[in-house]
Amino acid sequence: MYTAVVRHVVQPWFCPCFLPVVEEHGGQAGDAAPEIAIREAMVREQIEARGVRTATVLRAMRMVARHEFIPVENRAEAYDDHPVPIGQGQTISQPYVVALMTELACIGHGNRVLEVGTGSGYQTAVLAAIAAEVYTIEIISELAHRAEDEFARLGYSNVHLRVGDGYRGWQMAAPFDAIIVTAAPKIVPPPLFTQLKVGGRLVIPLGAINQELKVFTRTPDGYNEEDRGPVRFVPMTGRAQREQESEEP
Ligand code: SAM
């Protein structure tokens with residue numbers, strides 16, 4: 001099952017905690033001039049043109065070598081405007097969706113970020129190019145181990161990876177400034193709410209067939225919720241899926 005392409009253009013959105021200076025983490029082994037030029041076009045035509053404006057996000061999208069996270073047989077499609085298969089029935093999200101979710105998470109340089117759904121490791125690498133520490137959980141061990149090898153090869157020393165069900169989050173590393181979920185449950189797994197700092201943001205696709213990208217911001221006495229438009233992600237498996245199935249007639 002593949003993540004469908006998102007073509008809508010979101011309203012211009014400005015991260016309230018935006019910081020203009022970017023520290024770079026990790027090298028980009030295997031990056032060559034043709035890929036750098038293709039990536040520049042990807043950022044200009046697919047991402048900036050749809051309204052992503054946060055400088056730290058645009059810089060990370062220009063810097064991270066997306067093709068390095070894609071299996072060799074699909075690498076020719078690395079910079080295309082759609083999701084690409086990565087094996088095990090999963091996909092790397094469309095570049096615009098990665099940029100949009102990163103912008104909505106409003107990540108600053110000293111931040112600790114949790115990602116649920118490592119997949120190829122590409123979104124993780126984009127987060128790690130901005131945040132101080134990134135914790136990422138993948139339920140399919142083959143994908144997790146492949147991503148772990150890429151992080152080591154490319155020199156991402158601020159990424160911490162765990163194989164398991166992201167439903168429970170990562171309590172030992174909490175609280176987080178931001179949480180990004182890249183697979184869709186029907187409702188937010190409750191532990192993810194509790195592992196967010198006050199002022200922290202949870203970016204998550206919710207729903208089965210008709211999914212909405214949601215942003216929850218934790219407040220001292222609850223949460224604010226924003227809708228950021230229709231999306232289509234692979235379903236969240238594990239406990240989220242079991243709970244959903246047990247509710248169905
Ligand atoms: N962020 C990824 C990337 O850049 O390649 C794309 C992720 S793919 C759309 C969604 C991923 O979430 C898949 O690799 C899938 O195995 C994983 N996943 C689904 N349910 C999960 C769960 N309960 N816990 C952790 N990972 C999960």
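**Exercise 1.** Identify the space taken by the ligand and the elements around it.

*Solution.* A pocket is an open set of points on a 1 Å grid over the protein atoms alone, with protein on both sides within 12 Å along at least five of seven lines; a molecule sits in it if more than half of its atoms lie within 2 Å of its grid points. Two or more residues of the shell around the ligand come from each of strand 2 (90–92), strand 3 (112–116), helix 4 (122–128) and strand 4 (133–138). Helices (H or I, at least four residues) and strands (E, at least two) are DSSP runs, numbered from the N terminus. Strand 2 gives the largest share, three residues.

The model is predicted, with pLDDT of at least 70 needed for local features and 80 or more for side-chain atom pairs, while totals for chains, interfaces and linings use all residues. Residues are numbered from 1 along each chain as its sequence is written, and side-chain values use heavy atoms, without hydrogens and water.

**Exercise 2.** Which polar backbone atoms lie 2.8 Å and 3.0 Å from a nitrogen atom of the ligand?

*Solution.* At 2.8 Å, the backbone atom belongs to G166. At 3.0 Å, the backbone atom belongs to T237. The protein covers 99% of the 600 Å² of accessible area that the ligand has on its own (Shrake-Rupley method, 1.4 Å probe).

**Exercise 3.** State the volume of the second largest pocket and the element with the largest share of its lining.

*Solution.* The volume is about 190 Å³. Helix 7 (residues 239–247) gives the largest share of the lining, three residues.

Terms used. A polar contact is a pair of N or O atoms within 3.5 Å; within protein, one must be able to donate a hydrogen and the other to accept it, and residues adjacent in sequence count only if both atoms are side-chain atoms. On a 1 Å grid over the protein atoms alone, a cavity is a set of points where a 1.4 Å probe fits but cannot get out, and a pocket is an open set with protein on both sides within 12 Å along at least five of seven lines; lining residues have an atom within 4 Å of a point. Grid points are joined across faces, edges and corners, and a volume is the space filled by probe spheres set on the points.
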